[in-house]
Amino acid sequence: MPTGAHIRLPRRFNVVSADEVAKLCYERFSQLPRRGKPEPGREWTLLAAVLQITRGADSHSVAMEVVSLGTGTKCIGQTAMSPTGDVLNDSHAEVIARRGCIRYLIQELHGAVSGQGSSVFCAADERGKWKLRPRVSFLLFTSHTPCGDASIIPMTDSQPQPCPPVTSVKGHEQTDGGGDLKRKAEESGEERISKQPHLEETAETKEEDRGDTEQRGSLNFNKTSETSSQTSSSAVLAQTDGTGLHHQVSDIHRTGAKCVPGGPADPLQPGVGYHSPGVLRVKPGRGEPTLSLSCSDKMARWGVLGFQGALLTHYLQEALYFSTVVVGKCPYDQEVMQRALVTRCACVSDLPAGFAVRPPELLQATLEFPFSQAQTELQHQAGQGRISPCGAAISWCNVTEQPLDVTANGYKHGVTKKALGTAKARSLLCKSELFHSFLSLVSATDPSALPDSLRKAELQTYWDYKQASQSYQQAWQQLRSQAFPLWPRSDRNLLLFH
């Protein structure tokens, strides 16, 4: 099995710093081939990664390993979604990293069910079920605050507004980067001096849609691109009352993710009244609406349902949760992150066995991703053209076969129109490919060792296998009814493929 970027840290009290996490992720990215990476000084992207944390048996060391890494900022529109599951709908970095981790987990389960062993799983009590090894946990790193609710952050007086006002998308205008303004790496002003955050690996932390790793010594976070400066609001808005006096009104960082239908809408008022905080949002696409929920919403859901998904729940006695979420250097607010990822689901109850509300510890690193928008603007040279988000998405995961997967517009990067609809064009992360990988796992499992939920002869389609994961569906129903009643339901017709 190939080894991911990893580091073994002898640490008293098993402390791992957020900066060590960020550095490891940036190093892993720098080791990848050039294909799919942003053009330096002209294109930017976001990066996310899943790290496997293994505490030493002596409890005095911690091994960190990147098992999945993803980059990307884009999302396809709803009319481009495929009923055969062969299109990658959401290519935001956090989603890419999580889906790559599913590939890694399937490989680990293959080793477990075949008797070859696994560094992640050991046998559980229930027939055909597996659980995390006692000293293993997973951590999610993202180079920027997740799109959606977690990005609605108060601004300091020195910070420019990085995103244009959210407007309705009509027709297919701005088919390249215009729909992705919600994922622009928002520039921060003078950083607040804070203590270096650390993660302490304890028994509790075991539970669970951005090259060069050195931080620049003098970052000009107030520098903005030509596009941003033409459309941005100032950090402090001036309003005039009836007496003609001007009052200073604080502003916020804005997200391009749109409120889901049927709920509160954004007031679009100047300053802090622009957005409705705490609501579900869908990602804007390449010129048309999408059905993909924001990364803030998806990560909040992972804190209750786990990040393993419905299919792998068949094999797991307990859901898998991120013990920690680390964010790179960017505009960040601890209270906003807590609201977006934790508070909205904190009161969910009556979950089935194997599920719980498991909020991650939230940390921020002081190291910035070298391909963030802010860094790209600093490196931009005259004659390079307009700064824009990179059109490709990269997935790397620690698997034996085809660890690297580069996509654009939901398909393999560089495929021709003639190849669309064939296996050659499919991303290894699309629903169809992950489903076939899961079916391969089922076939490799001795019939006597199959989980009870997979002993039904009528299971045929992707929809069938997801619905047969009853505990996951029950947990999802509780989460939806208690916290996210407006979460859009999946179109069954898009899930009936084999």
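Predicted model: local features only at pLDDT ≥ 70, side-chain atom pairs only at ≥ 80, totals over all residues.
**Salt bridges**

I'm calling it a salt bridge when a side-chain nitrogen of Lys or Arg lies within 4 Å of a carboxyl oxygen of Asp or Glu. By that rule I get 12 of them in the structure.

Residues are numbered from 1 along each chain as its sequence is written, and side-chain values use heavy atoms, with hydrogens and water left out.

I looked up K283 next. Its partner is D90, with the closest N and O atoms 2.3 Å apart. I then checked burial, where buried means under 20% relative accessible area, exposed over 50%, and partly exposed in between (1.4 Å probe, protein chains only). Both K283 and D90 come out buried.

R254 pairs with D251 in another salt bridge, at 3.3 Å from N to O. R254 has 3% relative accessibility, so I put it down as buried. D251 has 1%, so it goes down as buried too.

Then E39, which bridges to R42 with the closest N and O atoms 2.9 Å apart. E39 has a relative accessible area of 33%, so I list it as partly exposed. I also see E39, R42 and E43 joined in a network of salt bridges.

**Whole protein**

I count helices (H or I, at least four residues) and strands (E, at least two) as DSSP runs, numbered from the N terminus. That gives me 10 helices and 22 strands. Of the 498 residues, 59% are buried.

**α2 against α8**

How do α2 and α8 pack? Helix α2 (residues 93-113) meets helix α8 (residues 431-444) at an angle of about 10 degrees, and their axes are 9 Å apart. The axes are lines fitted to C-alpha atoms over the stretch in contact, with angles from 0 to 180 degrees between N-to-C directions. I log the pair as roughly parallel, because angles under 35 degrees count that way.

For contact I use heavy atoms within 4.5 Å. On the α2 side I find residues including R99, I102 and I106, and on the α8 side L434, F438 and L441 are among them. I sort the contact residues into eight nonpolar, three polar and three charged. Here Ala, Val, Leu, Ile, Met, Phe, Trp, Tyr, Cys and Pro are nonpolar, Asp, Glu, Lys and Arg are charged, and the others, Gly among them, are polar.

Definitions and conventions. Parallel < 35°, antiparallel > 145°, perpendicular 65-115°, else oblique.
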